[in-house]
Amino acid sequence: MVNQVKKIVIFTLAMTGRGAAAKLSEMRTTAPAAPGLRPVSDPAGRHYLFDGRPTAAPPLPAGLYLVATPIGNLRDVTVRALEVLAAADLVACEDTRVTRKLLDRYGIATPLSAYHEHNAAQARPRLLARLGEGAAIALVSDAGTPLVSDPGYKLVREARAAGASVTAVPGPSAVLAALTLSGLPSDRFFFEGFLPAKEAARRARIAELKRIPATLVLFETGARIAASLADLAAGLGAREAALCRELTKLHEEVRRGDLVTLAQEASQASEPRGEMVIVVAPPDRQAEVTAIDLDSLLRQALGRVSVKEAVAEVAAVTGTPRRDVYQRALALDKERGHGR
């Protein structure tokens with residue numbers, strides 16, 4: 001009896017350790033497939049560890065699954081994400097080493113295939129071919145929601161064009177986490193992603209972002225954070241902002257202040273590691289939109305569209321009351337008429 005108990009304890013420990021995926025690969029599940037589902041009679045890629053216990057993943061219909069993964073804390077993964085990752089025939093990911101850590105943590109043995117901006121043109125046809133054969137493929141990024149700053153949207157477009165089913169499995173997002181932590185207006189926001197790496201292009205892009213009447217959310221790397229904050233401060237002024245790093249991790253940090261102050265602090269600090277999120281408050285249109293700016297935008301719009309359309313366009317871009325824009329547009333249109 002004692003020996004039997006020992007065997008059970010040893011087996012349980014083995015199943016919950018680093019060798020869980022290997023142990024699960026020895027198991028077999030034979031379940032009848034429901035209509036539209038692939039039959040399940042293959043190895044442990046159909047199982048995952050939940051609270052340390054092996055759990056069978058439900059059969060998965062063929063198609064492409066866009067699975068959000070943790071942005072730092074591996075416990076942020078959803079149960080549905082685990083089920084899809086375990087039941088899929090293949091997981092397409094940016095870096096197989098990064099995704100393997102997540103799968104190992106939850107005892108998932110699904111094969112991995114690299115899909116990133118450098119190999120997308122070659123890898124995409126192979127993934128589409130697998131979908132055409134009736135495979136279930138999970139697409140993940142290194143962290144967060146796929147298709148945000150990665151080439152996944154091209155795969156989605158071509159999969160849909162080929163008639164494949166595409167399903168979102170939502171979850172963690174660095175964009176939304178930073179936006180909510182920043183304390184800045186969240187009713188309207190604009191996600192910019194990464195600013196250009198070259199200084200001239202970066203400053204030109206910031207000049208364009210200046211007119212957007214919404215909170216700005218940007219990604220940046222540790223190597224470029226000081227330069228980007230300096231250019232943002234120069235281009236946008238002392239707008240309120242937040243710098244978020246290590247989100248959901250042990251050393252999560254959110255620094256709040258105006259852009260000028262954050263830029264000064266970054267210039268004096270050592271280079272941080274990893275990627276960060278910058279959140280910038282929307283512009284104060286009453287202070288930033290001058291009469292010259294308004295006239296310039298209206299003249300450009302009036303050269304292309306009617307007065308009514310020009311007013312709607314400029315009011316939306318600047319946030320200036322439509323009544324004020326309309327009065328100025330009438331005056332400029334009248335000037336144009338006298339000049340003919």
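Buried means under 20% relative accessible area, exposed means over 50%, and partly exposed lies in between. The model shown in every view is predicted.

**View 1. Ring pairs link F191, F194 and F219 into a cluster.**
Two rings pair if their centres lie within 6.5 Å. By this rule, the count comes to 2 aromatic pairs. One of them joins F191 and F219 edge-to-face, with 5.0 Å from centre to centre and 70 degrees between the planes. F191 sits in strand β8 (residues 189-194) and F219 in strand β9 (residues 215-221), so this pair ties together parts that are 28 residues apart in sequence. F191 is partly exposed, at a relative accessible area of 28%. F219 is buried, at 10%. F194 and F219 also form an edge-to-face pair, where the centres are 5.6 Å apart and the planes make 65 degrees. This pair links distant parts of the chain as well: F194 is in β8, F219 is in β9, and 25 residues separate them. How exposed is F194? F194 is partly exposed, with a relative accessible area of 30%.

**View 2. R105 meets the ring of Y106.**
R105 lies over the face of the Y106 ring. The distance to the ring centre is 4.8 Å.

**View 3. Five strands make an open sheet.**
The strand order is β5-β4-β6-β3-β7, and the pairing is parallel. Which strands stand at the edges? They are β5 (112-114) and β7 (166-169). Each has a single partner strand, so one side of each is left without a neighbour in the sheet. From one strand to the next, the twist averages 25 degrees. In general, strands of a sheet pair through backbone hydrogen bonds. Here, 3 bridges join β4 (residues 90-93) to β6 (residues 136-139), and the two strands run parallel. Look for L90: its bridge partner in β6 is I137.

**View 4. S113 lies in strand β5.**
S113 is partly exposed, with a relative accessible area of 24%. Which residues does S113 touch, not counting residues up to four places away in sequence? The contacts are L90, V91, A92, C93 and T96. Take V91: it is 22 residues from S113 along the chain, yet their C-alpha atoms are separated by 6.2 Å.

**View 5. Helix α9 spans residues 225-236.**
How many residues does α9 have, and what does it reach from its first C-alpha to its last? It has 12 residues and reaches 16 Å, close to the 16 Å expected at 1.5 Å a residue. Buried residues in α9 are I225, S228, L229, D231, L232, A233 and L236. An α-helix has 3.6 residues a turn, so residues three or four places apart point the same way. After α9 comes G237. The phi of G237 is positive, near 80 degrees.

How values were computed
Residues are numbered from 1 along each chain as its sequence is written. This is a predicted model: local features need pLDDT of at least 70, side-chain atom pairs count only at pLDDT 80 or more; totals for chains, interfaces and linings use all residues. Side-chain values use heavy atoms; hydrogens and water are left out. Rings of Phe, Tyr and Trp (its six-membered ring) pair if their centres lie within 6.5 Å; planes under 30 degrees apart count as stacked, over 60 as edge-to-face and the rest as tilted. Helices (H or I, at least four residues) and strands (E, at least two) are DSSP runs, numbered from the N terminus. Buried means under 20% relative accessible area, exposed over 50%, partly exposed in between (1.4 Å probe, protein chains only). A charge sits over a ring if NZ of Lys or CZ of Arg is within 6 Å of the ring centre and within 35 degrees of the ring normal. Two strands pair if DSSP finds at least two bridges between them. Axes are lines fitted to C-alpha atoms, for helices over the stretch in contact, and angles run from 0 to 180 degrees between N-to-C directions. The expected span of a helix is 1.5 Å times one less than its number of residues. Contact means heavy atoms within 4.5 Å.
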